[in-house]
Amino acid sequence: MHNNTNANPWSEDNDAIQQLALEECAKRQRIDHSVPVLVLPAGQCKLAVRFAQLDAQVTVADVADRQREIEGRILASGLTGSIHFTPTELPAPPTTDSGAPFDIIVLRRGLCSLPYAQGKQLIRQLMQKLKIGGKLYISILGLHSELGDGYPGREQSIYERYSKLSPAMARKYDIRNEVCLYSERDLFLLLLESGASVLRTMTTTWGNVKAVAVRV
């Protein structure tokens with residue numbers, strides 16, 4: 001992580017795509033009074049808590065090894081009635097039907113751990129877990145971010161791109177495995193090829209890419 005917290009590209013406190021998802025939740029809550037939401041991976045559960053504070057019913061999905069930690073965070077939040085954990089191992093989506101179909105799914109960075117073909121399969125499966133008109137919010141590591149410096153896959157097509165970061169970036173961000181970094185165009189293509197209807201895409205100041213798609 002950056003030593004200067006004011007220049008931290010991983011900060012989620014002002015994440016534009018997550019803010020859009022929270023605003024969508026608030027709008028749906030006023031109309032439906034019951035908004036099921038899926039967040040994966042769980043992270044530190046901060047986003048799940050924010051959804052639950054809007055009276056959403058939240059499922060957080062992550063690897064089984066993190067279950068105890070995540071359930072501890074849920075307990076500490078005081079929102080155990082609104083947030084529950086379900087294990088999953090990407091590229092497989094959560095197998096539980098609890099809360100499905102969802103109004104909102106937020107997928108944060110996990111897509112980068114998969115080759116493009118597996119990422120496309122995951123998006124297709126997640127779209128099937130959405131209600132008609134439900135929205136998918138994606139944040140993904142960007143090819144044109146700092147992580148792309150010295151990245152061996154930079155010159156490859158998105159269909160072939162899957163390699164480790166440069167040693168310097170791998171050390172700096174503690175990302176040791178192969179990743180698939182995306183440009184904004186790549187993410188748009190992924191969603192189209194997955195059968196999603198793309199509402200918007202964006203590239204952050206830090207070069208990471210985000211998108212909103214809807215199931216039609």
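Predicted model: local features only at pLDDT ≥ 70, side-chain atom pairs only at ≥ 80, totals over all residues.
Start with helix α1, residues 16-32, and helix α2, residues 46-53. Their axes come within 10 Å and cross at roughly 20°. Angles under 35 degrees count as roughly parallel, so α1 is described as roughly parallel to α2. The crossing of the two helices is right-handed. On the α1 side, the residues that meet α2 are Gln18, Gln19, Ala21, Leu22 and Cys25, and their partners in α2 are Leu47, Arg50 and Phe51. Sorted by class, this contact has five nonpolar, two polar and one charged residues.

Now follow the chain beyond α1. The loop between α1 and β1 holds His33. The phi of His33 is near 60°, a positive value in a residue other than glycine. With a relative accessibility of 59%, His33 counts as exposed, because the cut-off for exposed is over 50%. The peptide bond from Leu40 to Pro41 is cis, with omega near -15°. A cis bond also joins Leu90 to Pro91, here with omega of about 15°. Pro91 sits in the loop between β3 (83-87) and β4 (102-108).

The crossing of α4 and α6 is right-handed. Tyr116, Gly119, Lys120, Ile123 and Arg124 of α4 form the contact with Asp186, Leu189, Leu190, Leu191 and Glu193 of α6. These residues divide into five nonpolar, one polar and four charged.

Which residues of α6 are buried? They are Asp186, Leu187, Leu190 and Leu191. Looking down the axis of α6, these buried residues fall within an arc of 135°, so they line one face of the helix.

Asp174 lies in the loop between α5 (167-173) and α6. Asp174 has a positive phi of about 55°, although it is not a glycine. Its relative accessible area is 56%, so Asp174 is exposed. Just after α6, Gly195 takes a positive phi of about 85°.

How values were computed
Residues numbered from 1 in each chain as written. Heavy atoms only, no water. Left-handed = near helix turned anticlockwise from the far one by under 90°. Helix = DSSP H or I, 4+ residues; strand = E, 2+ residues; numbered from the N terminus. Contact = heavy atoms within 4.5 Å. Nonpolar A, V, L, I, M, F, W, Y, C, P; charged D, E, K, R; others polar. Buried < 20%, exposed > 50% of the residue type's maximum accessible area, 1.4 Å probe, protein only. Arc of directions from axis to C-beta. Axes fitted to C-alpha atoms, helices over the stretch in contact; angles between N-to-C directions. Parallel < 35°, antiparallel > 145°, perpendicular 65-115°, else oblique.
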